[in-house]
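Subject: Structure handover

Hello,

Here is the structure you will be working with. Please have it open while you read the notes below it.

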Protein chains: 2
Amino acid sequence: MFTIIGERINTTLGNIKKAVENKDIEYIREDVKKQTQCGATYIDVNAGARIGHEEEDMKWLLEIVQGATDLPLCLDSPDPQILETAYALVNKTPMINSISLEKDRFDSMIPFLKGKNCKIIALCMDDSGMPKTSEDIINRAKTIVGELENIGMKRDDIFVDPLIQPMSVDNNNGTMVMDAVKAIMQDLGGVHTTGGLSNISYGLPKRKIINRSFLLMMMANGFDSAIMDPLDKDIMAALKTGEMLAGHDNYCMNFLTSVRAGEIEA
Amino acid sequence: MFTIIGERINTTLGNIKKAVENKDIEYIREDVKKQTQCGATYIDVNAGARIGHEEEDMKWLLEIVQGATDLPLCLDSPDPQILETAYALVNKTPMINSISLEKDRFDSMIPFLKGKNCKIIALCMDDSGMPKTSEDIINRAKTIVGELENIGMKRDDIFVDPLIQPMSVDNNNGTMVMDAVKAIMQDLGGVHTTGGLSNISYGLPKRKIINRSFLLMMMANGFDSAIMDPLDKDIMAALKTGEMLAGHDNYCMNFLTSVRAGEIEA
């Protein structure tokens, strides 16, 4: 099943930052309820925007978000201390967003992850910067998955993020990541792949059609999770259609249910 | 570049049959002009529906269609005699639709094709029926491409049709053809792949979103032609977005031109 990481509770977004500043509980609750109704699998919570307030904001958000949904959370912070605090407060096994191969981040995240029960997003990033070829992505994926297995994590708990980069920067950024996802899903059987879809359309107009078209092309290569907005009806319709076409929807039952619910517009 | 075979001039469609019966020249002309404006690469012409009138109808259609467009035609008939007549009348190098591995069809089409200057659609069909696995499709593709090369045809002139079958019949019909296209484009370097997209959605509701989603997933596997309706704005927008994402649109110029022309709706 496709894992949808709902990306909306993030203080780098102006509306969420304002709701956190104003302690607007209802605003956060409503957003989380909508993401839940629309089919999110995890609710991402990022409290990093208000410098010096991350711990306080994370704690406040976790209480509100968990009061509004039964879904598990995706704890989104580069700081293991914030993650320790958050991990102690969650009701369900969380996803952690994220570890990378950058030395400082890697060295601080491994002790946090050791022995924890969680899912992990593993970014294909190292100290030399963003990947430049499919081989870069695949090699980094193999390295980081190996390291996580070394501390006892299971492949099914690992979500490799190949790092989706904008088409406006390089013509090959789409195929680079599609080819890498195909190879990762074959060579590292059992792992998942995820990523922030909207990066692909950065700097271009008509971003939504680009994002949902890319989602389908990624799904054709085995991509089985995305960090995305579950309130975007068009991308959710594309996702459900793509799941059916990828052979993950027996007798097209989920697709047909979605059509009857008015969720698929032709 | 993606090859769009415009499917609308087909007497099995009620409106076209009626126009042919009524010798409604303007109706045919308008349709062909619209397909041309919307970006068709070839105009398919099928005159097979009125039993006993195929040759007469084909000749009439060819005159009207070629008077309305400068595009090359795709001559769509199982009958080599009709194709000989049509071939003698076309102004530009045509595509022929189609040959297959069914013995009768194969044996009658090879003498027609020998020495001709044309493109050919090669169906992955043999006397045992429709393919049942990706391997069936790939093996048939290799056989028919080999046979066509034996009579001097170039790979660039061959459009392999893997035969898209409905999702409503089998859950794996999407992945079967996607995997086959990926292998054909790799193993038979230089050939093209094409097919009737709308077969995928037969028997399901909301067919247009299924068709255009499948087109994108096929393009992610190298599919570089389709028999489709160029007047369907949504599928044409998906196609242009997919071409950009597949790395076939330098600096996203065609995509941006289409956005400015109002052809891409987010």
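A search of the whole structure finds 4 aromatic pairs over all chains. Rings of Phe, Tyr and Trp (its six-membered ring) pair if their centres lie within 6.5 Å; planes under 30 degrees apart count as stacked, over 60 as edge-to-face and the rest as tilted. One of the pairs is Y87(A) with F112(A): the ring centres are 6.2 Å apart and the planes are at 90°, so this pair is edge-to-face. It links distant parts of the chain, with Y87(A) in helix α4 (residues 80–89) of chain A and F112(A) in helix α5 of chain A, 25 residues apart. Helices (H or I, at least four residues) and strands (E, at least two) are DSSP runs, numbered from the N terminus.

This is a predicted model: local features need pLDDT of at least 70, side-chain atom pairs count only at pLDDT 80 or more, and totals for chains, interfaces and linings use all residues. Residues are numbered from 1 along each chain as its sequence is written, chains are lettered from A and ligands numbered from 1 in the order in which they are written, and side-chain values use heavy atoms, leaving out hydrogens and water.

Buried means under 20% relative accessible area, exposed over 50%, and partly exposed in between (1.4 Å probe, protein chains only). F112(A) is buried at 2%, while Y87(A) is partly exposed at 22%. K116(A) lies over the face of Y87(A), 5.4 Å from the ring centre. A charge sits over a ring if NZ of Lys or CZ of Arg is within 6 Å of the ring centre and within 35 degrees of the ring normal. The charged end of K23(A) likewise sits over the ring of W60(A), 5.0 Å from its centre.

Next, helix α6 of chain A. This helix (residues 134–150) has 17 residues and reaches 24 Å from its first C-alpha to its last, close to the 24 Å expected at 1.5 Å a residue (1.5 Å times one less than the number of residues). Its buried residues include I137(A), A141(A), I144(A) and L148(A). Seen down the axis of α6(A), the buried residues fall within an arc of 165°, so they line one face of the helix; the arc is that of the directions from the helix axis to the C-beta atoms.

Finally, the two chains. A rotation of 180° with 0.0 Å of shift along its axis superposes chain A on chain B (RMSD 0.0 Å), by least squares on the C-alpha atoms of residues with pLDDT of at least 70 in both. That is the relation of a two-fold axis.

Regards
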